[in-house]
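Me: I have a model open on my screen and would like to walk through its inside with you. Could you take my questions one at a time?

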Amino acid sequence: MNIFECISTKRSIRSYEDRCISTEDMDQLLNLAVKASTGSGMEPWGFVVINDKVEIDLWSEKIKQYLQENLEQYPYLEQYRSWLTNPNFHVFNRANTLLIIYGNKESHWRTYDCTLAAANVMLAAHEMGIGTCWIGFAEYMLNTEEFKEKYQVPENYELVCPMSIGYMKKQLSEPKRKEPVVFYR
């Protein structure tokens, strides 16, 4: 697949085979992640890879519980109340693997750089038949002291991109998007 086809057909995937991403595939993806452009050459990224379904399931439940108990603090999430109270909803799409990207706070450009690293992973994964999905709900727990301590994330790193990742059960059709909004040409 060429880069144009890869970008045109890449989708957020929420249905994975019941297996973890292999060490070889994850190593390849991480090596491609760090090829991203980086402001001032700081390369501020750091990664956590979780390949433990039980642990991922526990974090999904903790996030759901936390958000249900604190939804008034996040009015923009009210539209998801029925998801959060649904026992069948899984924050991480029942993935067997999570890839979490953190940025070093010493770099002003960490959010941009780590987002570019995430995009590299997502496009390379798509090329490899691996699906990814940026998980917005995860931001409420994966940057906590508890989580960072458990997974040895240094204090000076902050969460940028939590993603579920897995071998795709099926390829989705090309996404439909609006025409670009151009303000000046």
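Below are my questions about this predicted model, each with a reply.

Me: Let's start with serine 164. Is serine 164 buried or exposed?
Reply: Happy to start there! Serine 164 sits in strand S4, which covers residues 157-167. Its relative accessible area is 0%. The cut-off for buried is under 20%, so serine 164 counts as buried.

Me: Which side chain makes a polar contact of 3.1 Å with the side chain of serine 164?
Reply: Two side chains are worth looking at here. The contact of 3.1 Å joins serine 164 to the side chain of asparagine 93.

Me: Glutamate 43 has a positive phi; is it buried, partly exposed or exposed?
Reply: Glutamate 43 is not a glycine, yet its phi is about 45°. You will find glutamate 43 in the loop between helix H2 (23-33) and strand S1 (45-50). Buried means under 20% and exposed means over 50%; at 46% relative accessibility, glutamate 43 is therefore partly exposed.

Me: And what about glutamine 152, buried or exposed?
Reply: Glutamine 152 also has a positive phi without being a glycine, here about 60°. Its place is the loop between helix H6 (145-150) and S4. The cut-off for exposed is over 50%, and glutamine 152 has 72% relative accessibility, so the word for it is exposed.

Me: Which strand gives the most to the lining of the largest cavity?
Reply: The structure holds 1 cavity of 30 Å³ or more. Its lining is made by Lys10, Arg11, Ile13, Met122, His126, Ile130, Gly131, Thr132 and Met168. Helix H5 (110-127) and strand S3 (130-134) are the elements that give two or more residues to this lining. With 3 residues, the one that gives the most is S3.

Me: How many charged residues are in the lining of that largest cavity?
Reply: The cavity has a volume of about 30 Å³. Lys and Arg count as charged, and the lining includes Lys10 and Arg11. Beside 4 nonpolar and 3 polar residues, the number of charged ones is 2.

Me: Last one: how many nonpolar residues line the largest pocket?
Reply: The largest pocket holds about 290 Å³ of space. It is lined by 15 residues, and Arg14, Trp83, Trp134, Gly136 and Phe137 lie nearest its centre. Sorting the lining gives 2 polar and 2 charged residues, while the number of nonpolar ones is 11.

Conventions. Residues numbered from 1 in each chain as written. Predicted model: local features only at pLDDT ≥ 70, side-chain atom pairs only at ≥ 80, totals over all residues. Heavy atoms only, no water. 1 Å grid on protein atoms, 1.4 Å probe; cavity = no way out; pocket = protein on both sides within 12 Å on 5 of 7 lines; lining within 4 Å. Points joined across faces, edges and corners; volume = space filled by probe spheres on them. Helix = DSSP H or I, 4+ residues; strand = E, 2+ residues; numbered from the N terminus. Buried < 20%, exposed > 50% of the residue type's maximum accessible area, 1.4 Å probe, protein only. Polar contact = N/O pair within 3.5 Å; in protein donor to acceptor, adjacent residues only side chain to side chain.
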